[in-house]
Number of protein chains: 2
Amino acid sequence: MKLLDCTLRDGGYYTNWDFDRELVKAYFDAFNNLPIDYLEIGYRSNSMNSYLGEYFYCPQYVLEDAKINSSKKLVIILNEKDVRAEHVPDLLEPCVGYITMVRIAIDPKNFKRALSLAEAVKKLGFEVGFNVMYMSNWENEKEFLGQIKEINGIVDYFYMVDSFGGVYPEDVRKTFDIVRNQTDTKIGFHGHNNLQLALVNTLTAIDCGVSIVDTTVTGMGRGAGNLQTELLLTALNGKGELDLDFNALSKVVDPFEAMQKEYGWGTNLPYMVSGANSLPQKEVMSWVTKRFYSLNSIIRALSNQSKGIEDNIDLKNLEEEKKFKLALIIGGGPSGKKHAKAINEFIDKQEDICLIHSSSKNSQEFKDVHKLQIHCLAGNEGHRLEDSYSEMNIKDKLVVLPPYPRTMGTYIPESLEDVAFQLQEISFTDKFHESVTSLAIETALKLGVEKFYFAGYDGYSGEIKAQELELFNENEYIFERLKENGNYTPIAITPTLYDSLEPQSVFALI
Amino acid sequence: MKLLDCTLRDGGYYTNWDFDRELVKAYFDAFNNLPIDYLEIGYRSNSMNSYLGEYFYCPQYVLEDAKINSSKKLVIILNEKDVRAEHVPDLLEPCVGYITMVRIAIDPKNFKRALSLAEAVKKLGFEVGFNVMYMSNWENEKEFLGQIKEINGIVDYFYMVDSFGGVYPEDVRKTFDIVRNQTDTKIGFHGHNNLQLALVNTLTAIDCGVSIVDTTVTGMGRGAGNLQTELLLTALNGKGELDLDFNALSKVVDPFEAMQKEYGWGTNLPYMVSGANSLPQKEVMSWVTKRFYSLNSIIRALSNQSKGIEDNIDLKNLEEEKKFKLALIIGGGPSGKKHAKAINEFIDKQEDICLIHSSSKNSQEFKDVHKLQIHCLAGNEGHRLEDSYSEMNIKDKLVVLPPYPRTMGTYIPESLEDVAFQLQEISFTDKFHESVTSLAIETALKLGVEKFYFAGYDGYSGEIKAQELELFNENEYIFERLKENGNYTPIAITPTLYDSLEPQSVFALI
């Protein structure tokens with residue numbers, strides 16, 4: 001039974017495949033004293049359209065350095081999605097003499113195509129590993145299951161990859177048996193840790209008779225991460241199955257643990273949910289982080305999607321029954337509350353204005369305004385709006401939802417169902433159609449608005465989180481589209497850090 | 001099958017049983033919407049000799065608040081070690097009407113005594129839970145195993161507690177069968193997560209037919225922590241076995257996740273090692289944190305201890321062949337290196353001085369000194385010394401070890417074996433006999449030293465870590481003992497933050 005550590009390859013998802021040189025040296029040093037057979041150091045790849053670091057391309061000097069510093073068999077991996085047999089000479093000839101095994105990451109749907117890639121790799125004399133993904137969904141991949149036997153003579157290690165971290169030990173046994181019935185090729189297991197089952201699944205795979213398993217130091221790897229190298233080694237040592245230099249182990253664990261504090265890999269509730277339901281963790285995470293959606297609605301929507309259930313309601317389209325010259329769009333920034341008194345006076349003074357709430361956060365401050373108030377219900381705003389009003393008077397109220405069908409389904413507080421409309425399309429911007437700001441602006445345009453005021457669009461200061469920065473950039477992009485597409489001048493009447501908004505003061509306007 | 005959440009009780013190990021009122025309210029609110037049956041809110045306890053917070057004593061207003069805010073059955077726990085049947089009226093009568101179940105945490109060695117405590121508890125009408133610890137060692141507890149049947153009619157839930165987080169699913173099955181053969185009483189399982197096996201062990205226990213299992217939010221609990229409530233619920237929901245309000249779940253997970261960043265519960269290499277070898281994690285952690293010992297030596301020493309193996313060598317005692325008037329004790333602080341040139345000159349000027357290295361960190365700076373140099377080898381210093389010298393000239397060298405037998409065994413670099421001695425005792429201080437500074441001072445006293453100089457004892461500035469503070473206080477205590485017990489005046493010749501050292505400047509002395 002062989003062990004493979006793929007920390008640099010799988011951990012690269014967090015560092016964009018750049019690693020400190022000292023760290024890599026310490027990594028190789030420590031592993032020279034640890035009972036691991038293979039080290040996968042990264043990808044080899046054709047040129048991609050974005051910056052990706054050293055270990056995504058593994059140029060020849062990286063291979064040389066690794067060969068000098070490591071006494072282990074070295075491995076690189078190819079992304080089958082982006083690599084064809086004709087790329088093999090360019091990508092892999094420089095690896096000859098440095099690399100023992102070339103692995104190929106494969107979507108089972110492309111299994112047949114992967115086989116011809118494997119043949120080209122095999123010709124150069126490498127061991128070939130097949131990392132076939134989405135193991136928890138293989139039962140739906142009948143075509144692929146019928147093709148497994150074709151690996152005989154081409155592939156050295158056929159890996160079952162638990163991409164969602166959602167399989168249980170009994171699933172490992174079942175899938176192992178299915179594969180073993182198709183081929184005598186050595187089998188491997190690569191587990192993810194969403195449900196903290198990576199260790200028990202890997203031990204189960206070993207018990208079934210797999211020939212190789214993967215780990216990474218501290219579990220560093222995409223999303224919830226992998227089986228921790230230190231956990232498998234410590235467990236096998238505890239069972240008396242291998243000798244272990246704990247000092248070497250702790251020398252490599254320490255620096256990666258420090259990085260983990262910064263990058264935060266490891267499982268959490270959204271990743272657990274992905275694992276337990278075989279849902280793509282990338283989507284779950286991006287929806288959770290942006291906080292537009294509640295976990296319940298994400299899970300409901302994703303489960304429905306994966307079951308092909310449509311939980312959308314096709315509402316009436318918003319029509320321009322009444323036109324307005326001015327709109328005040330109120331976001332969720334603290335200034336919306338802080339300057340609420342002045343904003344209320346400003347609204348009072350305008351003849352022909354409508355209020356559009358892109359967030360429920362400040363909407364309570366304007367509950368006594370007797371002009372048309374529109375609430376934009378993208379994402380989780382339906383629930384938030386419900387939470388923020390004990391009872392809602394629907395006089396002069398409208399709620400507007402994004403165009404049908406909506407990613408996250410339809411949720412409208414019951415008392416507002418009669419005044420709920422959807423936009424037919426969002427046309428003023430080519431991107432960010434799920435943004436509440438886009439929704440607010442498109443609504444205003446639909447109502448004939450010519451002058452756009454914004455309040456509560458403060459931006460973010462101090463230490464800015466990545467997701468805040470993303471939201472900020474998104475809004476800037478949206479404001480720019482409004483300016484370009486209609487020659488409008490969006491005006492912020494409360495303090496703002498958005499460059500695209502023209503700053504004025506609400507106090508000068510009342 | 002019942003679920004019990006014991007976040008406040010088990011999490012208290014990190015917060016000393018104080019929790020923010022808002023957090024507790026949010027905790028109860030969320031659980032009112034979650035499919036959990038019992039909430040264990042804390043201990044009831046006789047008065048202890050140290051500060052322990054609100055949820056360690058659970059005064060009556062805490063019980064009342066919990067009862068008002070929670071719709072769940074409430075539980076408290078007693079530490080059998082500290083509670084006798086005669087304490088039951090005082091401790092438990094105030095709980096009547098608020099608390100449904102009283103659990104008792106039990107060392108299997110005290111099982112018989114626990115039974116009479118249980119009878120007293122049962123008389124007050126509570127459900128009684130028995131949390132019997134150290135499940136992975138039960139096979140050595142024959143007496144206890146023979147007594148299990150005596151719980152019939154007294155105990156409602158008999159818990160198998162995996163205290164070390166070291167059992168595997170097959171162990172859960174085996175132990176369940178052993179218990180089931182002794183009693184028809186309902187069985188429970190409480191898993192720890194050192195090897196990330198808490199989920200699979202708990203699911204296995206459920207499959208065996210246990211009637212109750214424990215979890216805590218984010219796994220908050222002593223050391224590596226518990227099975228995460230959110231993980232068990234998500235897994236059971238994924239298997240279609242219960243409905244789950246993920247919004248409620250995420251409302252309680254969020255604040256505890258934030259606390260986890262501060263307190264850092266969860267598994268790590270030392271906890272894994274404890275789990276895999278059924279070693280007490282408290283000891284492993286305290287040895288690792290102080291950094292006196294390497295992980296290898298801790299594991300070797302603890303495994304040897306648990307197997308009854310003595311890996312100590314009884315060395316020759318250090319004798320006062322030659323006396324010295326002065327000693328310069330050199331610690332590991334940066335000033336030892338920074339001012340090495342001046343310190344070397346200072347040493348040269350003294351007639352009757354010996355050098356005592358309490359750390360290997362700065363010892364290289366004094367390799368050309370031709371006076372007696374003594375290296376203190378406590379903890380891991382033997383390995384460090386070996387690492388810092390490529391070859392060591394043993395002329396004018398001695399190494400001194402703590403008195404026999406030593407907690408962590410004996411490690412002496414091979415080339416130094418002939419010049420290695422141990423102290424017969426450490427008598428000038430009543431505490432910290434394993435400290436390198438104690439060792440250095442006792443050595444100097446043994447050699448008749450009357451004047452104590454210190455270099456490289458800088459103390460710590462800026463953001464001080466808990467373990468640095470502990471070390472600092474330890475050293476202050478040791479210096480004070482030296483001053484008291486012999487009327488010595490320890491002098492620091494490099495910059496120092498220790499109040500007990502009299503500051504002088506090495507530059508004034510050369």
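Modeller: Start with a negative surface patch made of A:Glu386, A:Asp387, A:Glu414, A:Glu417 and A:Asp418. A patch takes residues with over 30% relative accessible area and no salt bridge, joining like charges within 9 Å and nonpolar side chains (Val, Leu, Ile, Met, Phe, Trp, Tyr) within 5 Å. Asp and Glu count as negative, Lys and Arg as positive, while His and the chain ends are left out. Each charge is placed at NZ of Lys, CZ of Arg, CG of Asp or CD of Glu. Areas come from the Shrake-Rupley method with a 1.4 Å probe, and for residues only the protein chains shown count as cover.

Some ground rules come next. This is a predicted model: local features need pLDDT of at least 70, side-chain atom pairs count only at pLDDT 80 or more, and totals for chains, interfaces and linings use all residues. Residues are numbered from 1 along each chain as its sequence is written, chains are lettered from A and ligands numbered from 1 in the order in which they are written, and side-chain values use heavy atoms, without hydrogens and water.

Now zoom in on one patch member. A:Asp387 sits in helix H17 of chain A, residues 381-388. Helices (H or I, at least four residues) and strands (E, at least two) are DSSP runs numbered from the N terminus. A:Asp387 is exposed, at 63% relative accessible area. Exposed means over 50%, buried means under 20%, and partly exposed lies in between (1.4 Å probe, protein chains only).

Of its 510 residues, 58% are buried. Its C-alpha trace spans about 80 × 45 × 45 Å along the principal axes. The domain assignment gives domain 1 (2-283) and domain 2 (326-509). Such bounds come from an automatic or database assignment. The centres of these two domains of chain A, taken over C-alpha atoms, are 46 Å apart.

Stay in chain A and look at its backbone. A cis peptide bond joins A:Tyr404 and A:Pro405, with omega about -10°. A:Pro405 belongs to the loop between strand E12 (397-401) and strand E13 (420-422) of chain A. Chain B has a cis bond from B:Tyr404 to B:Pro405, with omega near -10°. There, B:Pro405 lies in the loop between strand E12 (397-401) and strand E13 (420-422) of chain B.

Further along is A:Leu469, in helix H19 (residues 466-486) of chain A. A:Leu469 is partly exposed, with a relative accessible area of 43%. A:Leu469 and A:Gly459 are 10 residues apart in sequence and 8.8 Å apart in space, C-alpha to C-alpha.

Two non-glycine residues have a positive phi. A:Asn16 has phi near 55°. It occupies the loop between helix H1 (7-15) and helix H2 (21-32) of chain A, and A:Asn16 is partly exposed at 30%. A:Cys58 has a phi of about 45°. This residue is in the loop between helix H3 (54-57) and helix H4 (60-69) of chain A, and A:Cys58 is buried at 0%.

Now turn to charges that pair up. A salt bridge puts a side-chain nitrogen of Lys or Arg within 4 Å of a carboxyl oxygen of Asp or Glu. Over all chains, the count is 29. In chain A, salt bridges link A:Arg9, A:Asp10, A:Glu40, A:Arg103 and A:Asp214 in a network. Another pair is A:Glu80 with A:Arg84, their closest N and O atoms being 4.0 Å apart. A:Glu80 is buried at 1%, whereas A:Arg84 is partly exposed at 23%.

The side chains of B:Glu40 and B:Arg9 form a salt bridge at 2.6 Å, N to O. B:Glu40 lies in strand E2 (residues 38-43) and B:Arg9 in helix H1 (residues 7-15) of chain B, so the pair ties together parts 31 residues apart in sequence. Both B:Glu40 and B:Arg9 are buried.

The other pair is B:Glu80 with B:Arg113, the closest N and O atoms being 2.8 Å apart. This pair links distant parts of the chain, 33 residues apart: B:Glu80 in the loop between strand E3 (73-79) and helix H5 (88-92), B:Arg113 in helix H6 (residues 111-123) of chain B. B:Glu80 is buried at 1%. B:Arg113 is partly exposed at 34%.
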